[in-house]
Amino acid sequence: MIRLLFFLFLLGVSFISTTPGKTLVVQPNGKFKSLATALEAAADYDTIIVKSGKYKTNNLIIEKSVTIIGEGLPVFDAAGKGSVLIVRSSFVTLKGLKIINSEYSFRTDFAGVRLEDVSNCTISDNQFYNNFFGLYLQRTNDIVVTGNNILSFATAQASSGNGIHLWYCKNTIINGNTIAGHRDGIYLEFSSKNDIFGNVAKRNLRYGLHFMFADSSVYYNNKFFKNAAGVAVMYSEFIDMHNNLFFDNKGTSSYGLLLKEIRRSVISGNKFIENTKGIFLEASDKITLKNNLFQKNGWAILLMSNSMENNFERNTFIGNNFDVATNSSQNYNTFTMNYWDNYEGYDLNKDGYGDVPFHPVSLFSVVVTEYKPTLILMRGLFTRLLDIAERVFPSLTPKQLIDEKPAMKRTV
Amino acid sequence: MINVSNLTKKYKKLTALDSVSVKITEGVVTAIVGPNGSGKTTFLKSILGLVIPENGSIDLNGTSIFHNNDFKRMTGYLPQIHGFPSNLTVKESVQLLKNLRDDVSDHDMELYRKFGLNEHENKLIKQLSGGTLQKLSASIAFMFRPKFLILDEPTASLDPWASNIFKEKVQAVNREGVSVLLTSHIMSEVEEMADEIIFILEGKIRYHGGVEELMSTYETPTLEKAIAGIMGKELKLCTI
Amino acid sequence: MHNLKKIINYQLRDAFRSKLVIFYFLFFLVFTSLMFRFIGETSGVITNILNINVSFVPLLTLLYGTTFFYNSRGYILFMLTQPVRRTDLFLGIWGGVAIPLVLAQLVGVLLPFIFFSRLTGDAIVPLISLLVTGSFIVTVFLALAFFVAVWQDDKAKGFGVAITVWFLMALLYDGFILAISIFFADYPLETPLLIISTLNPIDLARIFCLIHMDASALMGYTGAVFKSYLQSTAGSIVAIVALLLWTSIPLTLSVLKFKKKDL
């Protein structure tokens with residue numbers, strides 16, 4: 001909420017600060033036939049209106065604090081050479097532009113729009129189309145990225161860029177954007193205190209959202225679907241993940257949410273639906289997962305042996321092929337008050353919790369984790385009998401990995 | 001005329017029929033007799049095409065009867081155990097057999113009526129008693145006006161009244177020229193019904209000829225004793 | 001051919017009055033309805049019926065098929081004295097058992113689906129694959145049952161063989177696949193396992209269903225080959241043809257034996 005207010009405040013600041021300046025108009029038959037000529041004539045805090053039209057633009061550097069507003073969606077086309085716009089001044093606003101065809105390269109990160117060492121800029125309501133990187137933020141503070149539509153057509157991970165790329169950025173607000181067809185939808189590296197909400201990332205080659213060394217960030221109300229993996233959070237602390245939807249992320253190494261070396265974070269109120277793996281936790285500690293819904297995933301939770309002191313509480317597990325799988329026979333995590341549709345116990349004292357503990361790890365899930373091809377035995381009579389035998393005499397599954405208080409009714 | 005020649009049938013090591021040759025006389029009632037395990041069931045089943053012999057042939061006027069539907073069409077068969085699906089009604093069972101023959105000609109329903117089967121028409125086979133089922137089987141054997149009648153222990157589960165009606169029917173069709181082949185354990189019945197006898201023992205035919213001749217040969221008043229006579233001669237040991 | 005139809009026709013009348021066929025129909029009707037009542041979700045219901053299809057159905061059809069054949073001795077004997085070809089009689093009896101069981105299962109499962117679920121687009125494909133493979137499980141194991149009964153005259157031995165067949169195909173075969181997967185873990189196994197699974201009708205039916213339903217999320221994990229193969233039209237055709245062969249080969253061998261059989 002505080003961050004939202006801050007965002008509104010920023011909008012207000014940029015509005016107030018632009019009113020004193022003059023307004024320049026760029027149009028194909030007008031006084032300024034290109035943005036470059038208008039920029040030369042403009043002073044700080046001026047507004048440049050760009051009328052509908054097609055403007056060939058390569059590596060155009062914006063070094064003044066101007067507000068650039070497109071009317072009728074003017075097109076800035078790099079035609080496959082370099083970036084389109086490069087912002088090197090703070091207090092720049094880009095709004096209502098269509099930015100297309102930045103160069104694909106293996107050496108330089110060309111982008112639709114690059115922001116370099118600036119602060120207090122707003123990038124809103126633009127269309128990014130067929131760019132290598134969509135929006136590239138480098139060493140920025142207090143940037144707002146909102147309502148953009150970022151679409152590209154990446155085919156291979158190595159030769160593709162991210163939709164929104166953050167490198168050493170602080171206090172970025174990324175809200176209401178749709179990103180599709182890039183490598184990562186949104187990528188954050190060495191970037192902290194960012195707010196990411198209400199975005200949609202779909203059909204990206206790698207992750208919908210990707211954190212690397214990005215502490216103290218929040219993301220909520222986002223939707224991640226049909227990406228190779230929904231969200232990857234790596235090497236970070238204090239990440240809050242709330243009310244996101246992770247849907248239909250399928251593939252050999254696909255996850256709804258991949259956690260790698262994450263500590264002290266909270267994952268709550270999310271929905272993980274029809275992913276190959278709902279959540280994959282590796283070397284991650286002290287995470288609280290509560291009130292999440294896991295539905296129809298291959299694995300709801302894959303808990304690797306080097307993850308400890310995580311707390312799974314009041315989550316709901318429905319229709320997953322495997323609820324929990326692990327490669328360890330020990331367990332240092334807690335499960336409590338979750339609802340498991342595979343629970344066959346009873347509640348004689350009517351307190352809403354089953355009277356016998358639930359073992360969410362089946363023998364077959366352990367076997368499959370170790371020997372992938374055995375997956376074709378799923379739902380066979382043989383594997384079912386094995387599971388029943390294992391439940392009676394546990395030998396390979398971790399004895400301590402139990403929910404002592406399984407809920408009788410859905411928690412979510 | 002049914003002509004059996006060199007018929008041999010073995011079940012694993014056991015020889016049930018050992019190179020049997022016989023001509024079954026047309027238009028007469030022939031009884032096949034012999035002790036249990038003598039080969040008479042195999043002989044009957046061979047003629048019905050139910051067992052497939054190792055060797056030899058069975059011809060009807062020069063045509064093999066194996067897998068020969070024309071022969072089956074001419075044959076009426078009364079089995080020892082009924083062969084109707086248990087959840088069909090009497091009417092449906094009869095209908096099935098009629099359908100299989102595409103038979104629209106007039107059927108001989110005399111026994112069917114005399115046995116009162118009309119009253120049971122809508123009952124399921126499984127609801128019928130053993131006697132009623134035997135009556136049904138018996139009336140079906142005559143129903144399609146066969147030229148050959150093969151009766152396996154025909155009166156075994158018929159009551160005396162039905163048995164009498166049945167025997168009269170056999171004699172009636174025989175008078176009209178139908179050849180009858182029957183098996184029975186009851187020698188008095190054989191004596192009463194049969195004109196000729198085929199006596200089988202250990203897979204071989206030991207006697208084929210008239211009933212009267214057999215009795216006069218052995219100078220006995222009953223067929224039973226005459227049969228015992230053959231067996232005594234052949235075996236020294238007799239069990240019927 | 002003409003007589004085959006007539007025999008099937010009367011066998012069907014017999015079968016629809018049979019307690020077992022009615023029980024079989026009611027079982028699926030009640031089971032499916034209860035699943036809707038307690039699970040509610042269509043995919044969960046389908047999964048549970050699949051469990052029945054790969055365990056209970058093969059066993060029941062094997063035992064029912066052999067029993068039926070043994071109990072039909074009198075009928076077979078008598079019918080063969082009638083103007084009927086042996087092939088027609090055999091196939092007629094088989095069809096007379098298979099058709100009612102398939103129909104009982106289809107209708108028993110389908111009715112609750114019509115009443116309790118909305119049958120939305122994404123439920124149709126799993127349901128159809130469930131119904132098709134379920135029907136094939138019945139025909140395949142009835143064919144095997146008749147095969148056993150034709151070759152083995154002794155009723156008790158026949159049951160023994162039938163139960164062994166079930167045990168091998170429903171249970172041991174999967175153990176064998178598990179052993180292979182573990183012993184040869186270092187080799188690429190997808191294609192060999194796919195072939196091995198195709199050789200067992202239960203596994204084939206099960207995998208075919210899995211790929212068209214809930215496990216499709218999982219199959220992304222390893223099943224690239226399975227998925228691209230069995231989800232493609234060509235793969236579906238191969239699977240259906242394999243199940244058809246599983247029905248027709250035992251049936252053909254049984255007919256050949258039956259033609260030369262002493263009754």
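Guide: The model is predicted. Start in chain A, with strand β7 (residues 85–87) and strand β10 (residues 111–116). These two strands of chain A pair in the parallel sense, over three bridges. One bridge can be named: A:I86 has A:R114 as its partner in β10(A).

That pair sits inside an open sheet of twelve strands in chain A. The order is β4-β7-β10-β13-β16-β19-β22-β25-β28-β31-β34-β37, and the pairing is parallel. At the edges are β4 (60–62) and β37 (322–326) of chain A, each pairing on one side only. From one strand to the next, the twist averages 10°.

A helix crosses part of this sheet. Helix α3 (residues 363–370) of chain A lies across β34 (299–303) and β37 of chain A. The helix runs at about 55° to β37(A).

Now the contact of chain A with chain C. Chain A gives 33 residues and chain C gives 32 residues. Between them the two chains bury about 2800 Å², with 71% of it on carbon and sulfur atoms. Three residues, A:I376, A:R379 and A:F382, supply 26% of the area that chain A buries against chain C, more than any other three residues. Two elements of chain A give two or more residues to the side that touches chain C: α3 and α4 (381–392). The largest share, five residues, comes from α4(A). By class, this side of chain A has 15 nonpolar, eleven polar and seven charged residues.

Next, chain B. Its open sheet has six strands in the order β6-β7-β8-β3-β9-β10, with mixed pairing. The edge strands of chain B are β6 (75–78) and β10 (204–210), and each pairs on one side only. Neighbouring strands of this sheet are turned by 15° against each other on average, direction ignored. Within the sheet, strand β3 (residues 29–33) and strand β8 (residues 179–183) of chain B run parallel, joined by four bridges. B:I32 has B:T183 as its bridge partner in β8(B).

Last, the contact of chain B with chain C. Chain B gives 32 residues and chain C gives 27 residues. The area buried between the two chains is about 2700 Å², and carbon and sulfur atoms give 58% of that. On the chain B side, B:L50, B:N87 and B:L100 lose the most area to chain C, together 23% of what that side buries. Three salt bridges are counted between chain B and chain C. One of them joins the side chains of B:E92 and C:R13, at 3.2 Å from N to O. The polar contacts between chain B and chain C come to 14 residue pairs, both residues at pLDDT 80 or more. The elements of chain B that give two or more residues to this side are β1 (2–11), α1 (40–48), α2 (69–74) and α3 (90–100). The largest share, six residues, comes from α3(B). The residues of this side of chain B divide into 15 nonpolar, ten polar and seven charged.

Definitions and conventions:
Residues numbered from 1 in each chain as written. Chains lettered and ligands numbered in written order. Predicted model: local features only at pLDDT ≥ 70, side-chain atom pairs only at ≥ 80, totals over all residues. Heavy atoms only, no water. Contact = heavy atoms within 4.5 Å. Buried area = accessible area lost by both parts, 1.4 Å probe. Salt bridge = Lys/Arg side-chain N within 4 Å of Asp/Glu carboxyl O. Polar contact = N/O pair within 3.5 Å; in protein donor to acceptor, adjacent residues only side chain to side chain. Nonpolar A, V, L, I, M, F, W, Y, C, P; charged D, E, K, R; others polar. Pairing = 2+ DSSP bridges. Axes fitted to C-alpha atoms, helices over the stretch in contact; angles between N-to-C directions.
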